[in-house]
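Welcome, and please open your viewer. We will go from selection to selection, with a short note on what to look for at each stop.

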Amino acid sequence: MALFAAARRAAASAAPLILRASASSGAHRGAALLRPLAASAARPQPRAMPFSSAPATRPSSDAELLSVIDSEIKYAEDCDDHDRVEEIPDNFPFKITDEKGMNAITLKRTYHGEQIEVLAQMPSLVTGDEPDHDRDAEGKGEEGDGDGDEDQSEKPPQSSIPLTVTITKGDGPILEFTCTAYPDEVLIDSLSVRQPSGNDEIDLIAYEGPDFNDLDENLQRAFHKYLELRGISPLTTNFLHEYMINKDSREYLLWLRKLKDFFRQ
């Protein structure tokens, strides 16, 4: 803006001098050429509009979204056990670490010199609609029995929790189980043994063993017993289901409130 004003002042002061000089010499053609410059300098210039720091008006779509979020928050507060405090059983063998805003909790304990850590994630609902390859294989041999297929397809919904169980002994190898916990049952999905190398690239390419279901049945049962002795039992999984379902309600309400804070800005 300062550069524009200086140029305007220079043009305004130079125009009369040039016109007078051209008049005294009788150079009418030169004066005609300079008249547009003089007229431009004498013409009023538009005023610069001051900068406005007023906040922009919130779009109507944001207001509508805020209204919907408010309704969902009220519904969650009225229907969910978001403020419920779970009573930990007296014989629960683990110490729970639960951080607000995270989608998992950590369970820790020591068992005969072993350090046991369990990472429990948010539950998912099993509706019974997922394909069951074993059941499909049996159904192919019984295509004529429609009643049996109908009875097998009606399964009550269950919730399941993904678990990662890590067992260490000092600086030695790490034994890791990947499990799916149902209210009264724990299924082992995979089992691996690795060294505490701290190298992520090596961990990615390390051999993790065969599929757990391909192991000998006696070995499978022995590993289930191994985990049960270390606290991965129906007592633990039953409590975890109640705890994680309530945590899911709390985290959902917290997430809604964060959304509301964002759209209110």
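Why are lysine 247 and glutamate 251 of helix H8 separated by about one helical turn? They are separated by about one helical turn because they are four residues apart in helix H8. Keep in mind throughout that this is a predicted model.

**Stop 1: a pair within helix H8**

Select Lys247 and Glu251 and show their side chains. They form a salt bridge, with the closest N and O atoms 2.9 Å apart. Salt bridges that share partners extend the picture, joining Asp98, Lys247, Arg250 and Glu251 into one network. Glutamate 251 is buried, as its relative accessible area is 14%. Lysine 247 is buried as well, with a relative accessible area of 0%.

**Stop 2: across to Asp98**

Aspartate 98 is partly exposed, at 28% relative accessibility.

**Stop 3: around Glu251**

Return to Glu251 and display its surroundings. Setting aside neighbours within four places in sequence, its contacts are Glu99, Lys100, Gly101, Met102 and Met122.

**Stop 4: a link between strands**

Next, pick Arg194 and Glu176. Here is another salt bridge, at 3.1 Å from N to O. Arginine 194 belongs to strand S7 and glutamate 176 to strand S6, 18 residues apart. At 27% relative accessibility, arginine 194 is partly exposed. The model has 11 salt bridges in total.

**Stop 5: the nonpolar core**

Now select Val165 and Phe177. Within the largest nonpolar core, which has 30 residues, these two touch the most other members. Strands S2 (104-111), S3 (114-121), S5 (158-168), S6 (174-182) and S7 (185-194), along with helices H7 (217-229) and H8 (234-264), each supply at least two of its residues. Beyond its neighbours within four places in sequence, valine 165 has contacts that include Ile116, Val118, Leu175, Phe177, Leu227 and Ile232. Glu176, from the previous stop, is also one of the contacts of valine 165.

Finish with Ile73, Leu253, Leu256 and Phe263. They are among the seven residues of another core, which lies apart from the largest one.

Note on methods:
Residues numbered from 1 in each chain as written. Predicted model: local features only at pLDDT ≥ 70, side-chain atom pairs only at ≥ 80, totals over all residues. Heavy atoms only, no water. Core = buried A, V, L, I, M, F, W, Y, C linked by side-chain atoms within 4.5 Å. Buried < 20%, exposed > 50% of the residue type's maximum accessible area, 1.4 Å probe, protein only. Contact = heavy atoms within 4.5 Å. Salt bridge = Lys/Arg side-chain N within 4 Å of Asp/Glu carboxyl O.
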